[in-house]
Amino acid sequence: MPQDPDFELYDNVGRDAEQIAAARYGIATRGDLLRWARRDAKPFLAEHPLPDKPVPSPDLAPYLAALAAAQSHAEVSAVTQHLLDAAEPALRAVSEYLYAAAQWRGQHRGAAKGSPPKLLMEAASRSLSVAAIADQADLTTLRATYDPAPVPHLPDRAPIATGLPPRPPHAPPAGPAPGR
């Protein structure tokens, strides 16, 4: 199988473990694959320019300041719920894109478990799971604070007699240990 002309075996000087292993086995590293894809996608990206800057992240300073000032579970919950509400549109957008990428040109139909389309669909689902898990943790804390499980009340009774004598305490065996 011919290798990509851009692929060169490396000497180990200044290389990380992935690069050394890739050179040993004659395979491409993650960096190689991404570099080749960027090179081959240049004409496409010229026709379909994408933003160069990362998607803006929310300013966490007010959330972290409020969290540091919180004195009760209710206050922590209020901050957590506000952050989850603010992050939900971005998480949903990422999930929708990953789902669309999984469905690109029908590649998801009949795809095997662990295949790229199935992994993309799993990633789409998990991106929303982050908020759901955080919400569940918050609600579990609030339930423990506001609505703890009732403690069963047992009437004071004498222990039920079984008619058997109590067990003797465990005693070590007497005498010499048996031979082999």
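Arg105 is exposed, with a relative accessible area of 74%, where exposed means over 50% relative accessible area, buried under 20% and partly exposed in between, computed with a 1.4 Å probe on protein chains only. This residue is found in the loop between α4 and α5. Arg105 is not a glycine, yet its phi is positive, at about 55 degrees. Most residues other than glycine have a negative phi.

The structure is a predicted model, in which local features need pLDDT of at least 70 and side-chain atom pairs count only at pLDDT 80 or more, whereas totals for chains, interfaces and linings use all residues. Residues are numbered from 1 along each chain as its sequence is written, and side-chain values use heavy atoms, with hydrogens and water left out.

The overall plan of the chain may be considered next. The protein chain has five helices and zero strands, and its pattern along the sequence reads α-α-α-α-α. Helices (H or I, at least four residues) and strands (E, at least two) are DSSP runs, numbered from the N terminus. Of the 180 residues, 14% count as buried. The chain exposes about 15400 Å², and carbon and sulfur atoms supply 63% of this area; accessible areas come from the Shrake-Rupley method with a 1.4 Å probe, and for residues only the protein chains shown count as cover. Among contacts between residues at least 6 apart in sequence, 42% join residues at least 24 apart, a contact being heavy atoms within 4.5 Å.

Helix α1 comprises residues 17–25, and its buried residues are Gln19, Ala22 and Ala23. These residues lie on the same side of α1 because they cover an arc of only 100 degrees around the axis, the arc being that of the directions from the helix axis to the C-beta atoms. On the face turned away from the buried side stand the exposed residues Ala17, Arg24 and Tyr25. After α1 comes Gly26, which has a positive phi near 70 degrees.

Pro62 counts as partly exposed, at 49% relative accessibility. Between Pro62 and Leu83 there are 9.9 Å in space, C-alpha to C-alpha, although the two are 21 residues apart in sequence.

Two packed helices are described by the angle between their axes and the distance between the axes. The axes of α4 and helix α5 (residues 116–146) come within 9 Å and cross at roughly 170 degrees. Axes are lines fitted to C-alpha atoms, for helices over the stretch in contact, and angles run from 0 to 180 degrees between N-to-C directions. The two helices are therefore roughly antiparallel to each other, since angles over 145 degrees count as roughly antiparallel, under 35 as roughly parallel, 65 to 115 as roughly perpendicular and the rest as oblique. Their crossing is left-handed, meaning that the near helix is turned anticlockwise from the far one by less than a right angle; clockwise would be right-handed.

Ser77 lies in helix α4, which spans residues 73–103, and is buried, with a relative accessible area of 7%. Leaving aside residues up to four places away in sequence, Ser77 touches Asp138 and Leu142. Gln81 is also placed in helix α4, but is partly exposed, at 23% relative accessible area. With the exclusion of residues up to four places away in sequence, Gln81 touches Asp135 and Asp138. Gln81 and Ala131 are 50 residues apart in sequence and 9.6 Å apart in space, C-alpha to C-alpha.
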